[in-house]
Amino acid sequence: MDNDNAIAGDPTAIPHLLPPVAEHPRTVARFAGLAATLASDRACWEPLVRFDATSRWYHRLRTGPGYEVWMLSWVPGQGSERHDHGPSSGVYTVLEGALTENAVGRGERVLTPGSFRAFAPGYIHEVVNASLEPAVSLHVYFPGLTEMRMHPRTRAEPAPRAPLAC
Ligand SMILES: [Fe+2]
């Protein structure tokens, strides 16, 4: 039986009825999804990881229109010092090990694989590997990171935790 209200043929072949498929992420949720997808693809990132005791190692894993993905490694005791990210927003996650984040106004938090932190421009934090094992993290910045202003601690503020000793 014919139905006068039905679309004849394949409705997905009518492009003007469909929203365009986003080739690249544009929302915080999509950037978090990108970070999760890359984090789960261990074969993609693990062979690239290096550890450098003299300075934090970093590698740009991917770029896209308006965003960059960086991978960082942290040996025990290495940290970022307190900084912002200029006009960039970001999402980051830990791929291996554990990192301790101390964010201005938000306190301390330990991130392990599977945990994410999303932030907007103006977010100020300090990240340190306060564990006894090396750590690897993945950071998505949108737009790509062009500024990273340092915000030194005042004398009254405690220093971040040192690696735990036995
Ligand atoms: Fe940061």
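**Figure 1. Burial of H85 and H125 in the predicted model.** H85 and H125 are both buried in this predicted model. H85 sits in the loop between strand 2 (67–74) and strand 3 (89–96), and H125 belongs to strand 7 (residues 125–128), so the pair ties together parts that lie 40 residues apart in sequence.

**Figure 2. The iron ion and its donor residues.** Three histidines, H83, H85 and H125, coordinate the iron ion, each through its NE2 atom, at 2.1 Å. Along the sequence, these donors follow the spacing H-x1-H-x39-H.

Figure 3. E68 is part of strand 2. Its relative accessibility is 15%, so E68 counts as buried, the cut-off being under 20%. The side chain of E68 makes a polar contact of 2.9 Å with the side chain of W70. A polar atom of the E68 side chain also lies 3.5 Å from the backbone nitrogen of L145. Beyond its neighbours within four places in sequence, E68 is in contact with several residues, including R60, R62, T63, H139, V140, Y141 and G144.

**Figure 4. H24 and the residues it contacts.** H24 is found in the segment before helix 1 (28–40). With 25% relative accessibility, H24 counts as partly exposed. Apart from neighbours within four places in sequence, H24 is in contact with G64, P65 and Y67. The side chains of H24 and Y67 are joined by a polar contact of 3.1 Å. H24 and P65 are 41 residues apart along the chain, and their C-alpha atoms are separated by 7.3 Å.

Conventions:
Residues are numbered from 1 along each chain as its sequence is written. This is a predicted model: local features need pLDDT of at least 70, side-chain atom pairs count only at pLDDT 80 or more; totals for chains, interfaces and linings use all residues. Side-chain values use heavy atoms; hydrogens and water are left out. Donors are N, O and S atoms within 2.8 Å of the metal (3.2 Å for Na, K and Ca); water is not among the atoms, so sites may look incomplete. Helices (H or I, at least four residues) and strands (E, at least two) are DSSP runs, numbered from the N terminus. Buried means under 20% relative accessible area, exposed over 50%, partly exposed in between (1.4 Å probe, protein chains only). A polar contact is a pair of N or O atoms within 3.5 Å; within protein, one must be able to donate a hydrogen and the other to accept it, and residues adjacent in sequence count only if both atoms are side-chain atoms. Contact means heavy atoms within 4.5 Å.
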